[in-house]
Amino acid sequence: MSPKELAYIEDALGHEQFMLTQCREAAQQLQDPNLRQHVQKLIDHHQNLFNRFYQLV
């Protein structure tokens, strides 16, 4: 893997980690169960993406 490719993956990991943090904070503050469930799906999606990027390293 080239240094440029590694830098791209590290950047993508950082973005996914940021999205996970934002979604988790939002889910904790939501009162509406439907919205909370939707945000939980987003958390699952971003966790999956994070894991897939991490496997590339």
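## Isoleucine 43 and its contacts

Setting aside neighbours within four places in sequence, isoleucine 43 is in contact with Leu20, Cys23, Arg24 and Ala27. The model described here is a predicted one. Ile43 also belongs to the largest nonpolar core, which has 8 residues in all: Ile9, Leu13, Leu20, Cys23, Ala27, Val39, Ile43 and Phe50. Helix H1 (3-29) and helix H2 (33-56) each supply at least two residues of this core. The largest share, 5 residues, comes from H1.

## Helix H1

The length of H1 can be checked against expectation. At 1.5 Å a residue, the 27 residues of H1 should span 39 Å, and this agrees with the 39 Å between its end C-alpha atoms.

The buried residues of H1 are Ile9, Ala12, Leu13, Glu16, Leu20, Cys23 and Ala27. Helix H2 is included in what covers them.

Alanine 26 is also found in helix H1. Because its relative accessibility is 30%, a value between the limits of 20% and 50%, alanine 26 counts as partly exposed. The C-alpha atom of alanine 26 is separated by 7.6 Å from that of valine 39, although the two are 13 residues apart along the chain.

## How the two helices pack

The axes of H1 and H2 come within 9 Å and cross at roughly 160°. This angle is over 145 degrees, and the two helices are therefore roughly antiparallel to each other. The crossing in which H1 passes H2 is left-handed.

On the H1 side, the residues that meet H2 are Ile9, Ala12, Leu13, Glu16, Gln17, Met19, Leu20, Cys23, Arg24 and Ala27. Their counterparts in H2 are Arg36, Val39, Leu42, Ile43, His46, Gln47, Leu49, Phe50, Phe53, Tyr54 and Leu56.

## Histidine 46

Histidine 46 lies in helix H2 and is among the residues there that meet H1. Its relative accessible area is 11%, so histidine 46 is buried, the cut-off being under 20%.

Not counting residues up to four places away in sequence, histidine 46 touches Glu16, Met19, Leu20 and Cys23.

Note on methods:
Residues are numbered from 1 along each chain as its sequence is written. This is a predicted model: local features need pLDDT of at least 70, side-chain atom pairs count only at pLDDT 80 or more; totals for chains, interfaces and linings use all residues. Side-chain values use heavy atoms; hydrogens and water are left out. A nonpolar core is a set of buried Ala, Val, Leu, Ile, Met, Phe, Trp, Tyr and Cys residues joined through side-chain atoms within 4.5 Å. Buried means under 20% relative accessible area, exposed over 50%, partly exposed in between (1.4 Å probe, protein chains only). Helices (H or I, at least four residues) and strands (E, at least two) are DSSP runs, numbered from the N terminus. Contact means heavy atoms within 4.5 Å. The expected span of a helix is 1.5 Å times one less than its number of residues. Axes are lines fitted to C-alpha atoms, for helices over the stretch in contact, and angles run from 0 to 180 degrees between N-to-C directions. Angles under 35 degrees count as roughly parallel, over 145 as roughly antiparallel, 65 to 115 as roughly perpendicular and the rest as oblique. A crossing is left-handed if the near helix is turned anticlockwise from the far one by less than a right angle, and right-handed if clockwise.
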